[in-house]
Amino acid sequence: MAYSNRIPGSSAWWRDYLLLVVLLLGCVTSARSASFDVIEERTYGDWRAVLYENKSGARRFCAAESEASDGTVFRIAVYLDDRDAFFEIFNPKWNLREAAATFTLVFDDIRAELRGKAYSDAYVYNLVDQEKTQLLLGLLIGNSTVSVQNANGEVASRFSLRGSRDAIGSFAKCSGGL
C-alpha cells in the first residue's frame, strides 16, 4: 500500500483506529532523549498529530501527543522505518530511577497498570501486545482525561483528552495505516 508521510485530515477516524490497532507491532526506540525537527503538525483540541525527523540518523516518526501545563508530554509514537511503536510520558525535569517500572494511567474512573521502563526523564511502554494496545487507544479516545501515576500512586501529570480521537486518526494516516 502506498502512502504519504504527510498528515491528512481525519474524516473516518474509526477506519484509521482499526488499522492502527491491527498493525501496531515492534520494539521500542524512545524519542525522549533525541533531538528532532517538526516536518508537519496538526492541532486537534489539546492534542496534535506530528511528523518528526529525528536528527540522529534522519529517522522519521509519527506521533499523537499532548503537553500538560507542567511541561509533561504524553506521546504515542511509531518510527516509519522499522515500526517501533510505544507510549512515552516525558518530562525533562523528572529524575526517575532507570529500571523496569510500573506506572498507572487513570482514565476518568478506569485504571490501567502498565509495566514498562523508566528512564531518567520518561516512562515508556512498548506497544507490542495487540489487545492491550486496542484497549489503551480506546481509552484515549473514549474518555475526557488521563492521569499518570507512579508506582507509589502519586500523580505525576494530568492530560485532557480533548482532540485525542482526531489526533490519533491523523497519527494513523501519517504512520502509513498503523
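Predicted model: local features only at pLDDT ≥ 70, side-chain atom pairs only at ≥ 80, totals over all residues.

What follows is a set of questions and answers on this structure.

User: How many helices and strands does the protein have?

Analyst: Helices (H or I, at least four residues) and strands (E, at least two) are DSSP runs, numbered from the N terminus. Read from that end, the elements go α-β-β-β-β-β-β-β-β-α-β-β-α. The secondary structure comes to three helices and ten strands.

User: What share of the residues is buried?

Analyst: Buried means under 20% relative accessible area, exposed over 50%, and partly exposed in between (1.4 Å probe, protein chains only). Of the 178 residues in the protein, the buried ones make up 51%.

User: Which residues have the most contacts inside the largest nonpolar core?

Analyst: A nonpolar core is a set of buried Ala, Val, Leu, Ile, Met, Phe, Trp, Tyr and Cys residues joined through side-chain atoms within 4.5 Å. The largest one has 38 residues, and its largest share, five residues, comes from helix 2 (residues 130-142). Those with the most contacts inside this core are Phe74, Ile76, Phe87, Leu105, Phe107 and Leu140.

User: Which two strands does the aromatic pair of Phe74 and Phe87 tie together?

Analyst: Rings of Phe, Tyr and Trp (its six-membered ring) pair if their centres lie within 6.5 Å; planes under 30 degrees apart count as stacked, over 60 as edge-to-face and the rest as tilted. Phe74 and Phe87 form a tilted pair, 5.5 Å centre to centre with 55° between the planes, and both residues are buried. The pair ties together parts that are 13 residues apart in sequence, because Phe74 lies in strand 4 and Phe87 in strand 5 (residues 85-90).

User: Which residue places its charged end over the ring of Tyr79?

Analyst: A charge sits over a ring if NZ of Lys or CZ of Arg is within 6 Å of the ring centre and within 35 degrees of the ring normal. Tyr79 belongs to one aromatic cluster with Phe36, Tyr52 and Phe61. The charged end found over its ring, 3.9 Å from the centre, is that of Arg59.

User: Is Ser157 buried or exposed, and which side chain does its own side chain join in a polar contact?

Analyst: Ser157 lies in strand 10 (residues 155-160), and it counts as buried because its relative accessible area is 3%. A polar contact is a pair of N or O atoms within 3.5 Å; within protein, one must be able to donate a hydrogen and the other to accept it, and residues adjacent in sequence count only if both atoms are side-chain atoms. At 3.2 Å, the side chain of Ser157 is joined to that of Asp70.

User: Which backbone oxygen does the side chain of Ser164 reach?

Analyst: Ser164 lies in helix 3 (residues 164-174) and is buried, with a relative accessible area of 1%. Leaving aside its neighbours within four places in sequence, Ser164 is in contact (heavy atoms within 4.5 Å) with Trp47, Leu140 and Ile141. The backbone oxygen that its side chain reaches, at 2.8 Å, belongs to Leu161.

Technical notes. Residues numbered from 1 in each chain as written. Heavy atoms only, no water.
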